[in-house]
Amino acid sequence: MVTVNLWSIDESNQPLRELHTDLVGNIIAESRVLEDVDGFKKIYFIFPNVYVRKEGRYRLCFRLIKIFGPTHDRLLPYTSVMDTIFSNVIQVYLPKHFPGKSKPSMLMKVLVKQTNDLKSRNL
């Protein structure tokens, strides 16, 4: 699974505490095998309803997490962060300042056809 968190633009800093309430929606995604634009199967992690409430510039931090089941010396399942990656800087606008939606990419169009989680009005 992958989790997403909101970070300041300087990814070397820990996420600001107040940013935890500014990211809303389902911040956990399970892997899905879907076809890309060339028909090759790849693994995707989809966050269809994640929103940032506050205007500003941010980075998203994605963490790939492995879940381990109980073992002979551990009674409960546990997790381990396998890898972490940061997005490019994103700009979040207030609704009255939003410049408008960009056209969906070919990849987005292909993924929308394969899953009900992605809904787009202008495809």
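Here is a short chat about a predicted model of a protein.

Biologist: Hi! What does the secondary structure of the protein come to?

Modeller: The count is 1 helix and 9 strands. Reading from the N terminus, the order is β-β-β-β-β-β-β-β-β-α.

Biologist: Thanks. Since this is a predicted model, what is the mean pLDDT?

Modeller: The mean pLDDT of the protein is 85, and 88% of the residues reach 70 or more.

Biologist: And where is confidence lowest and where highest?

Modeller: The lowest is in strand 2 (residues 23–24), with a mean of 88, while the highest is in strand 5 (residues 41–45), at 96.

Biologist: Changing topic: which residues make the nonpolar surface patch?

Modeller: That patch is made by Val33, Ile43, Phe45, Leu64 and Met82, and covers about 460 Å².

Biologist: Where does Met82 lie?

Modeller: Met82 is in strand 8, which spans residues 78–86.

Biologist: Now Ser87, buried or exposed?

Modeller: Ser87 is buried, because its relative accessible area is 16% and the cut-off for buried is under 20%. Ser87 sits in the loop between strand 8 and strand 9 (90–92).

Biologist: Which residues is Ser87 in contact with, leaving aside neighbours within four places in sequence?

Modeller: Those are Arg59, Leu60 and Phe62. A polar atom of the Ser87 side chain also lies 2.8 Å from the backbone nitrogen of Leu60.

Biologist: Last one: how much of the protein do buried residues make up?

Modeller: They make up 24% of its 123 residues.

Definitions and conventions: Residues numbered from 1 in each chain as written. Predicted model: local features only at pLDDT ≥ 70, side-chain atom pairs only at ≥ 80, totals over all residues. Heavy atoms only, no water. Patch = residues over 30% accessible without salt bridge, like charges linked within 9 Å, V, L, I, M, F, W, Y side chains within 5 Å. Areas by Shrake-Rupley, 256 points an atom, 1.4 Å probe, with all protein chains shown as cover. Salt bridge = Lys/Arg side-chain N within 4 Å of Asp/Glu carboxyl O. Helix = DSSP H or I, 4+ residues; strand = E, 2+ residues; numbered from the N terminus. pLDDT = per-residue confidence, 0-100. Buried < 20%, exposed > 50% of the residue type's maximum accessible area, 1.4 Å probe, protein only. Polar contact = N/O pair within 3.5 Å; in protein donor to acceptor, adjacent residues only side chain to side chain. Contact = heavy atoms within 4.5 Å.
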